[in-house]
Amino acid sequence: MDTILLTGKTDLFPLESLKYIGEMFHVLVTGRLVKNREKNLPAGVRALPVEPSDSDFQKVFEIGSIKAVWHIGSCADGGHISDETEDIEKILSCCARYGIPRLVVLTEPGDPVNYRKLISKWTIPGPGASPVDIAAVYLPLITGSGSRGRMNRIFSAMRRQKTICLEGNANRQISVLSISDLCALLMRMTDETWFNPGIYTANGSLGQQERLREILLSIRPDARIIYLDDQEKGRRTDQTDAARFRIPSAKEIQFDGSLGEIYRLPISPDWDREILAQYNYILEKPSEKASAGKMASGYLKQFGKAAATVLDLVVMFVIAEYLARITSDSVYFKIVDVRLLFVILMGLMHGLMIGTVAAVLECIMLVIRYSAIGISGLLLFYNVENWIPFVYYLTAGIICGYTHQKHVQQMKSVSTENDLIRNKYLFLNEAYRASVSDKRELREQVLSEEESYSRLYSAMRQMSQRTPEAVCVEAVNVFRRILNNNTVFVYELEPGGKKADLLPFCRENASGISLSMDRYPEMMQVISKGGTWKNTGFLEGAPMYASLIRYRRSAHAYKGVQDIALIVTIEQADQNQLNLWYMNHFSVMCGLLKDALENASLRERVLE
């Protein structure tokens, strides 16, 4: 399987979405937040706690062959707006260096990044760098997203009984897209051979903002939801503490197209069910109230280390002061400073901060001792010799603490590097196993009658008929069975090339009986040169696949020898049929049909 790299605000995708993506791709998730859910990640998903601003970020691209990068901008799904040009530039430079052809950026209107400039810069990069196609996708209102998404924050404000203030008015047009539909759209963009860089919108189900308000009120009738335009007009001026939310609208930007129209994926129009399901899911999580033991365990896990450090500091300080007092008159301890040992131990055990605190505590105790023997603060300040113990304590605490801190940072760096190397080789191991599995599957397909040359030979024999008409009738049945598609039709092109009429035996279940070739000049240009047409632009009314077949018919059936042109089409195709393998299979079948028609025509002329 191919690999997808997720960067930026990766918590947009909940664990269920990552599991869904992981069924088709290997997923690498980066960012600081992945540590919190690293143990719960589904199979096929790996977490790497690095960000584009880190020096080790480029090591992520060395793990394996990455097909595309999905970067979730900071402002996506109602996040804070910030200029991420520097981070995106670093991602693009790594993509160009390691040959990753696609970058999909998920963002919202208001993003200050100039994507037009980035597209023109990286489509034709400098020498030594591979081109990178950038698609900036502006998101609508997303339902079912992660815990820090816009809808979750709206639900949280409703539960706290805060007033919800929606920007705009009730008639403001918005669109809603579920996170599952967004994942399907992104996977389709990644898997599709056609990829045109530009700025797009991922529009979902359209509606007015008032419908969203009605849905929220149906979930929680006591919620207080107002519009910003009404508040500015003075209708509700008392709601100064309202939580403001801005629902994105596609009309706010200039985009190159809508991905929903380009890929024609089904979009769920049921806002009520999706928003209610998300609200119920949030309610179920806090409803499981933790026991006092679990709460104590959580607090201990969160603050236990800091509490233990402070306790260690206090206990050791008391012990050091006690030992210093009882050994002050001993001859054997005259050359041993117990307080200095305490400062050194604290710095070496707990780092720079605790070492400095220990030194400051001993300095305070030193001032108190000087005061007890009659040395005032003024005399202590002006006599430089009295500074020496203070300098010893502070210097020892800082140096020992810095030494501890340096070793901790080195250990963290080595641990991070080991994790990257481990993930790299785990990924390579999975890739090796996947390649072995693909090899076995390919061998089984080659040896299997249903997927080998015998299947094509069987198709060729079935299409070997006495007359071209019989060949066409049998060919349609063969095409539909082998290609697993019931929308295969055959048209006969008129001599002028302006119109193609559907053959009579194909008219059952057909949407039309003819094709006007003037409406599809691009298709005619491709098939007239002997190529196979694929409707990557999803032109309205055009077939998904088409191929032109020419053969010469005998004079017995026509007045004089005449070239016949047939157009074989596949009107509709499923998502798993929009790939290069399927198109090549269709091209091979059309070649077999052409040979069968020529043989039938030759047989017809010989029999005359």
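In what order do the strands of the open sheet of 6 strands run? Here are my notes, point by point.

1. Before the details: this is a predicted model, where local features need pLDDT of at least 70, side-chain atom pairs count only at pLDDT 80 or more, and totals for chains, interfaces and linings use all residues. Residues are numbered from 1 along each chain as its sequence is written, and side-chain values use heavy atoms, with hydrogens and water left out.

2. The order is β17-β16-β15-β20-β19-β18, with antiparallel pairing. Strands (E, at least two residues) and helices (H or I, at least four) are DSSP runs, numbered from the N terminus; two strands pair if DSSP finds at least two bridges between them. β17 (514-516) and β18 (532-534) sit at the edges with a single partner strand each, so one side of each has no neighbour in the sheet. From one strand to the next, the twist averages 25°.

3. Look inside that sheet at β19 (residues 545-553) and β20 (residues 562-570): they run antiparallel, joined by 9 bridges. Tyrosine 545 has isoleucine 570 in β20 as its bridge partner. Helix α18 (residues 580-607) packs on the sheet and touches β18, β19 and β20, its direction making about 15° with that of β19. Contact means heavy atoms within 4.5 Å; axes are lines fitted to C-alpha atoms (for helices, over the stretch in contact), and angles run from 0 to 180 degrees between N-to-C directions.

4. There's also an open sheet of 8 strands, with parallel pairing and the order β3-β2-β1-β4-β5-β6-β10-β14. Its edges are β3 (45-48) and β14 (257-258), each with a single partner strand, so one side of each lacks a neighbour in the sheet.
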